[in-house]
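Here is a guided tour of one protein fold, written for someone who is just starting out. Have a look at the picture, then read on.

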Amino acid sequence: MKVNTADFVKSAFEERHWPRGSRPEIAFLGRSNVGKSSLINSLLGRKKLARTSNTPGRTQSINFFLINEAFCFVDLPGYGYAKVPKKIKAGWGKMAEDYLANRRQLVLSIQIVDVRHRPSILDLELYDWLSYHHKKSLVVATKADKLSNNKLRNSLKIVAECMPGSTILPYSSVTGKGKEEVWHEIGNVLNSRNG
Ligand SMILES: Nc1nc2c(ncn2[C@@H]2O[C@H](COP(=O)(O)OP(=O)(O)OP(=O)(O)O)[C@@H](O)[C@H]2O)c(=O)[nH]1
Ligand SMILES: [Mg+2]
């Protein structure tokens with residue numbers, strides 16, 4: 001996929017602020033600090049379009065990006081960051097769940113896991129939720145640059161065991177490894193919608 005334009009559309013804290021229109025949306029999901037925003041920037045070839053940070057929980061709103069005037073990337077708040085006050089945490093969870101459950105424009109959910117770690121309970125809960133609700137999804141195992149090839153292979157095996165039946169693609173936002181493969185999956189979903 002050639003990215004001609006990529007623009008930040010808006011940051012939404014409430015459902016009524018979600019963009020209108022029927023452009024298909026691809027959502028990026030995963031625990032806090034796993035590398036969602038970095039993956040978006042890496043795919044788009046833009047260093048700072050989505051805000052990244054060493055502080056977990058940086059992305060608190062739902063952020064929309066318009067690509068090639070045709071479809072949107074949606075950066076959802078991360079889950080599972082222990083230090084966030086309960087009340088805010090519940091709000092985030094609800095907002096993300098409302099989006100996933102109700103958003104008609106959603107065509108693909110990209111679930112991001114850290115390839116170095118066994119998927120957490122929350123990762124698996126989200127994974128089960130997506131498959132139970134028949135959401136089209138893809139697992140991206142990021143931070144692959146932090147492992148040797150051997151370790152990477154073993155880690156991917158573990159992720160595959162925990163998340164059976166899903167397409168799992170290794171990725172690195174640092175080296176760009178996996179970029180073509182992820183775009184290929186996104187392209188397939190977008191094309192199948194265009195008939
Ligand atoms: N080595 C390496 N570091 C990465 C990779 N992806 C993200 N990081 C680092 O991980 C940290 C978190 O990345 P973000 O993209 O901000 O993570 P996020 O999931 O958007 O975080 P929240 O918005 O807080 O939920 C940053 O320090 C990134 O530089 C990767 O593929 N490889
Ligand atoms: Mg983020």
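A crossover is called right-handed if, with the strands pointing away from you, the path from the first strand over the helix to the second runs clockwise. With that in hand, here is a case: β6, helix α4 (residues 149-162) and β7 form a right-handed β-α-β unit. Another right-handed β-α-β crossover takes the chain from β5 through α3 to β6. Keep in mind that what you are looking at is a predicted model.

**The overall plan**

Let's step back. The protein chain holds 5 helices and 7 strands, and from the N terminus on they come in the order β-β-α-β-β-α-β-α-β-α-β-α. Its radius of gyration is 16 Å, close to the 16 Å that the globule rule gives for 195 residues, so the chain is as compact as a globular protein of that length. Along the principal axes, the C-alpha trace spans about 45 × 40 × 35 Å. Of the 195 residues, 37% are buried. And if you take the contacts between residues at least 6 apart in sequence, 72% of them join residues at least 24 apart.

**The sheet**

In what order do the strands of the open sheet lie? The 7 strands are arranged as β1-β3-β4-β2-β5-β6-β7, and the pairing is mixed. β1 (6-12) and β7 (168-170) sit at the edges with a single partner strand each, so one side of each has no neighbour in the sheet. On average, neighbouring strands are turned by 25° against each other, direction ignored.

Here are some of the strand pairs, side by side:

| Strand pair | Sense | Bridges |
|---|---|---|
| β1 and β3 | antiparallel | 6 bridges |
| β3 and β4 | antiparallel | 5 bridges |
| β2 and β4 | parallel | 4 bridges |
| β5 and β6 | parallel | 6 bridges |
| β6 and β7 | parallel | 3 bridges |

You can follow these pairs residue by residue. A6 stands opposite I67 in β3, and F65 stands opposite F73 in β4. Further along, E25 has C72 in β4 as its bridge partner, S109 faces S137 in β6, and V140 is placed opposite L169 in β7.

β3 and β4 also make a hairpin, with 3 residues between them. In that turn, N68 has a positive phi of about 50°. Strand β3 itself (residues 62-67) is mostly covered, with 5 of its 6 residues buried.

Now for β6, where 6 of 6 residues are buried. In a regular strand, side chains alternate between the two faces of the sheet.

Which strands does helix α3 lie across? Helix α3 (residues 121-132) lies across β2, β5 and β6 (137-142), and runs at about 160° to β5. Helix α5 (residues 179-194) packs on the sheet too, touching β2, β4, β5, β6 and β7, and its direction makes about 165° with that of β5.

Then there is helix α1 (residues 36-44). Is it enclosed or open? With 8 of its 9 residues buried, α1 is largely enclosed by the rest of the structure. The buried ones are K36, S37, S38, L39, I40, N41, S42 and L43, and they pack against β2, β3, β4, β5, β6 and α5. Just after this helix comes G45, with a positive phi of about 65°.

**The nonpolar core**

How many residues are in the largest nonpolar core? There are 39, and those with the most contacts inside this core are I26, F28, V74, I110, V140 and A141. Strand β5 (residues 106-114) supplies the largest share, 5 residues.

As for V74, leaving out residues up to four places away in sequence, V74 touches E25, I26, A27, F28, I62 and F64. Two of these contacts, I26 and F28, are themselves on the list of residues with the most contacts in the core.

Definitions and conventions
Residues numbered from 1 in each chain as written. Chains lettered and ligands numbered in written order. Predicted model: local features only at pLDDT ≥ 70, side-chain atom pairs only at ≥ 80, totals over all residues. Core = buried A, V, L, I, M, F, W, Y, C linked by C-beta atoms within 7 Å. Buried ≥ 20, exposed ≤ 12 C-beta atoms within 10 Å, placed from the backbone. Helix = DSSP H or I, 4+ residues; strand = E, 2+ residues; numbered from the N terminus. Contact = placed C-beta atoms within 7 Å. Pairing = 2+ DSSP bridges. Axes fitted to C-alpha atoms, helices over the stretch in contact; angles between N-to-C directions. Rg over C-alpha atoms; globule rule 2.2 N^0.38 Å.
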